[in-house]
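I opened my notebook to look up the charged pairs and the chain contact. My entries follow.

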Amino acid sequence: SQQGEEDPQALSIQEGENATMNCSYKTSINNLQWYRQNSGRGLVHLILIRSNEREKHSGRLRVTLDTSKKSSSLLITASRAADTASYFCATVFYGNNRLAFGKGNQVVVIP
Amino acid sequence: NAGVTQTPKFQVLKTGQSMTLQCAQDMNHNSMYWYRQDPGMGLRLIYYSASEGTTDKGEVPNGYNVSRLNKREFSLRLESAAPSQTSVYFCASSVGLRRQVTNEKLFFGSGTQLSVL
């Protein structure tokens, strides 16, 4: 499968702590994206990092990409209860304009 | 703007029944997608339409058909529903211009929860 795989699968943290989740993939990519899904809702795009980028920030989100290790990490700083959601990585492979999604990380932020 | 709108939100079918899931987007996007989401499986692509007038199979197309009715609308049809098609179905769209492929992010609808008994 060319899908990204997130690690860990489930994470429970206290409000204010940082949450880190990882994603690995198997083949060369065009870009990698992270999405959030709140319970019962559709996915919402968070951030996109291109294959020639190593780090990207958006508000409290920090994404890194290591193409040599075929992996990415998503860091949420100073977590809030509203950050409770599932987080998915998705990759776009060269020669393929479609996103392939990983299985998702469940993050629970305890107030 | 409404973004991506899916109907219905919930549906229960009996094995063998047929139904069509509707999807419409108001963002003037070229590309549209149908995914299914199952526990522990993530999202899997059923069909997609890169542009109006074209459709292509994704990862799990068996048992489904699609119609790109116009630029706004992309429907998914189950001709003879099976219990294995019990899932949450998501429609999504993206700008879909080839020169912007590196910026291709998807916009999702809120999903249709389908149960086949």
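I noted the burial scale before anything else: buried means under 20% relative accessible area, exposed over 50%, and partly exposed in between (1.4 Å probe, protein chains only). The model is predicted, so local features need pLDDT of at least 70, side-chain atom pairs count only at pLDDT 80 or more, and totals for chains, interfaces and linings use all residues. Residues are numbered from 1 along each chain as its sequence is written, chains are lettered from A and ligands numbered from 1 in the order written, and side-chain values use heavy atoms, without hydrogens and water.

**Entry: salt bridges.** I looked up salt bridges (a side-chain nitrogen of Lys or Arg within 4 Å of a carboxyl oxygen of Asp or Glu). A:Asp83 is buried at 10% relative accessible area. A:Arg60 is partly exposed at 23%.

**Entry: chain B.** I found B:Asp38 in a salt bridge with B:Arg36 at 2.9 Å. B:Asp38 also meets B:Arg44, at 2.8 Å from N to O. B:Asp38 is buried at 11%, B:Arg36 at 8% and B:Arg44 at 16%.

**Entry: between the chains.** How many salt bridges are there between chain B and chain A? I found zero. The contact (heavy atoms within 4.5 Å) takes 21 residues from chain B and 20 residues from chain A.
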